[in-house]
Amino acid sequence: MVGQDASNSAATPRTTVDSPPAHYVLKVQSFSLLVKNSIERYESESFEAGGYKWKLVLYPGGNKSKNVREHISLYLALDDTSSLHHGWEIYVNFRFFLHDQNNDNFLVVQDTVGKERRFHKMKAEWGIDQFIPLRDFNLASKGYLVDDTCAFGAEVFVCKERNTGKGECLVMMKDVITYKHLYEFDNLSKLDSEFCDSKPFNAGNYKWKIKLYPNGKDAELGNYLSLYLTLADPSALSPGSKIYAQITLRILDQKQAKHHFGKANYWFTASCPENGASRFMPVNNFTNQNSVYQVKDSCLVEAEVIILGVVDAVS
């Protein structure tokens, strides 16, 4: 994500200093070959300043996504935002350098004067769209490009850091995976509880169980078989975290393969770890002597789980 600080290079504060940049220098040889070889964006190696790692991001022909033409665009980017907590903000003053090789001093372009830029997980890049016009950059009298070689630099000063408080991050999955698990519930006539659980199985980064109530649950007791999918260990899910999943529960027809199933999307949380159908199938259909679902006192139940999204609490 790119920040636009100054659309007009003339409006950006500029000075000249003798000292080189304190934090990083990016030297480019054969600069003209960058554009010729279709390098529209170049990211430097990371460097440390103020306790964080940063990169310089150079657009040698201008940032086309910002409709910049005939200019060099230059940005400062926070490296590896995956380690940055949501809600954490870094306020930064920074300035860019361009070496004048004729006079051996440096053009300094200040991002803003008296105002910090706020870097965070969702806004990790700030800079100057029109850092310098290419016509000025290419002039031999300016000394910025000599023998097709130039040098850019940066100084980065962290002014303050803060945590903006609690929140959450919802991530919807682009490339979903279907997880299937088949389990045999046996000795159903000897069941000494109103339900029976499958052994835990993995789907995504979570452990699950199939929970079967052969004679129904609560108000449906004696009328409908009830079937659920439940988190195997709800306490492992941190408070405020949620899982959005599409589940298909299926009791297999062991004779004619005309399986009975239900399909729906649910939110799973630590406080609501179980979802399914209280009226999954009439008890009589499951227990009668001609049942194709319960054979030799056992049934086969299959669960399909697709993780569609997750919510993580942040603080």
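Which strand do six bridges join to strand β2? Select residues 24–29, which form β2, and then residues 149–163: this is strand β11, joined to β2 by six bridges and running antiparallel to it. Strands here are DSSP runs of E with at least two residues, and helices are runs of H or I with at least four, both numbered from the N terminus. Two strands pair if DSSP finds at least two bridges between them.

This is a predicted model, in which local features need pLDDT of at least 70 and side-chain atom pairs count only at pLDDT 80 or more, while totals for chains, interfaces and linings use all residues. Residues are numbered from 1 along each chain as its sequence is written, and side-chain values use heavy atoms, with hydrogens and water left out.

Stay on β11 and pick T149, which has Q29 opposite. Next, select residues 88–100, strand β7, which eleven bridges join to β11, again antiparallel. Within this pairing, F94 has V156 of β11 as its bridge partner.

Now select residues 178–305. The unreviewed UniProt entry annotates this stretch, as well as residues 21–156, as "domain: MATH"; such annotations may be inferred rather than shown by experiment. Residues 178–305 are 51% strand and 4% helix, with end C-alpha atoms 6 Å apart.

Along the principal axes, the C-alpha atoms fill a box of roughly 100 × 40 × 25 Å.
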